[in-house]
Amino acid sequence: MLEIPESYVLAKQLNETIQGKIISFVQAGHSPHSFTWYSDNPDGYDELLAGKQIGICRGVGGMLEIEVQDSRILLGDGVSPKYHEDCKKAPAKHQLYVEFDDKTAITCTVQMYGGIWAYREGTNDNPYYLAACEKPSPLSEEFDYPYFLSLKNKEDDKLSAKAFLATKQRIPGLGNGTLQDILFTCGIHPKCKMGELREEEYRCMYDAVKSVLREMADTGGRDTEKDLFGRKGGYVTILSKNTLWSPCPSCGYELRKGNYLGGTIYYCEHCQKLHTS
């Protein structure tokens with residue numbers, strides 16, 4: 001699933017491979033997928049986009065936005081884009097196919113769920129997209145400690161650390177995947193209540209958000225995800241499906257797994273304290 005590091009990496013790769021190319025043909029909705037969302041009728045994507053030039057691609061939280069002159073393509077967090085040097089070698093199954101005038105192409109497939117939207121610039125009123133556009137990324141200088149302090153209100157004291165970091169679009173693009181290593185790095189259990197954290201622990205959480213996401217982005221994304229060319233990311237996850245039941249790198253205790261708030265959490269019972277007060 002796309003989160004901040006992957007959208008950063010994919011945007012950089014798209015800028016290096018397709019920026020400046022002219023779209024010759026677009027096909028959306030070729031392979032039916034019940035949980036793929038489109039803008040209006042996907043049959044109209046070719047008319048909207050064909051003949052236009054690709055501009056800048058950028059990560060927007062856990063989304064990818066591709067500039068196409070007066071239009072935009074927006075890929076949601078469950079979408080996996082792939083680049084094909086020879087359009088004839090593109091897979092037969094896809095939810096979006098974009099061919100360029102040099103006979104290269106990109107395809108997009110949806111894993112569990114995801115949005116593939118194409119629309120005129122300025123017409124997207126999706127609240128998740130708008131929030132991601134308005135709020136600073138943790139990869140930016142604007143995301144400083146005073147800003148992080150402003151995210152927490154008194155009513156958030158009853159929230160768990162996981163809920164605080166990964167819900168309500170407080171930090172767009174920071175999801176259940178990236179928060180695992182963030183919380184491990186600052187030694188906070190996913191279920192720990194925010195009201196139990198001391199100020200220095202909250203500062204430690206901020207430092208982990210900044211440093212872990214930056215390392216993930218700079219090393220090509222997480223090793224649980226793939227890039228534009230089908231390669232695994234270079235960031236070796238500490239807590240993920242890849243490391244379950246293996247020894248904790250800090251204390252050697254067996255890493256654990258649980259279900260919480262609609263998703264899987266990974267943690268070390270020794271290094272991540274559930275009760276800090």
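Modeller: A residue is called buried under 20% relative accessible area, exposed over 50%, and partly exposed in between. Keep in mind that this is a predicted model.

Biologist: Is K154 buried or exposed?

Modeller: The relative accessibility of K154 is 68%. The cut-off for exposed is over 50%. K154 therefore counts as exposed.

Biologist: How many salt bridges does the structure hold?

Modeller: The pair K154 and D157 is one example. Another joins R256 and E254, whose closest N and O atoms are 3.7 Å apart. Salt bridges that share partners also link K52, D70 and R120 into one network. In total, the number of salt bridges is 18.

Biologist: Are R256 and E254 buried, partly exposed or exposed?

Modeller: R256 has 25% relative accessibility. For E254 the value is 36%. The range between 20% and 50% is the middle class, so R256 counts as partly exposed, and E254 also counts as partly exposed.

Biologist: About how many helical turns separate D218 and R214?

Modeller: D218 and R214 form a salt bridge, with their closest N and O atoms 3.0 Å apart. R214 is partly exposed, at 28% relative accessible area. An α-helix has 3.6 residues a turn, so residues three or four places apart point the same way. Because D218 and R214 are 4 residues apart in helix α7, their separation is about one helical turn.

Biologist: What distance separates the end C-alpha atoms of helix α1?

Modeller: Helix α1 runs over residues 4-17, which is 14 residues. At 1.5 Å a residue, α1 should span 20 Å. The model agrees with this, because the end C-alpha atoms are apart by 20 Å.

Biologist: How many residues of α1 are buried, and what covers them?

Modeller: Among the buried residues of α1 are I4, P5, V9, L10 and L14. Their cover includes strands β3, β4, β6 and β8 and helices α6 and α7.

Biologist: Which residues form the nonpolar patch on the surface?

Modeller: One member, W37, lies in strand β2, residues 36-38. W37 has a relative accessible area of 42%, so W37 is partly exposed. Together the patch has about 460 Å² of accessible area, and the residues are F35, W37, M112 and Y113.

Biologist: What is the radius of gyration of the protein chain?

Modeller: The chain has 7 helices and 11 strands. For 277 residues the globule rule gives 19 Å, and the chain comes close to this, so it is as compact as a globular protein of that length. The radius of gyration is 20 Å.

Biologist: What share of the residues of the protein chain counts as buried?

Modeller: The C-alpha atoms fill a box of roughly 60 × 35 × 35 Å along the principal axes. The accessible surface comes to about 13,100 Å², and carbon and sulfur atoms hold 50% of it. Of the 277 residues, the share that counts as buried is 52%.

Notes: Residues numbered from 1 in each chain as written. Predicted model: local features only at pLDDT ≥ 70, side-chain atom pairs only at ≥ 80, totals over all residues. Heavy atoms only, no water. Helix = DSSP H or I, 4+ residues; strand = E, 2+ residues; numbered from the N terminus. Expected span 1.5 Å × (residues − 1). Buried < 20%, exposed > 50% of the residue type's maximum accessible area, 1.4 Å probe, protein only. Contact = heavy atoms within 4.5 Å. Salt bridge = Lys/Arg side-chain N within 4 Å of Asp/Glu carboxyl O. Patch = residues over 30% accessible without salt bridge, like charges linked within 9 Å, V, L, I, M, F, W, Y side chains within 5 Å. Areas by Shrake-Rupley, 256 points an atom, 1.4 Å probe, with all protein chains shown as cover. Rg over C-alpha atoms; globule rule 2.2 N^0.38 Å.
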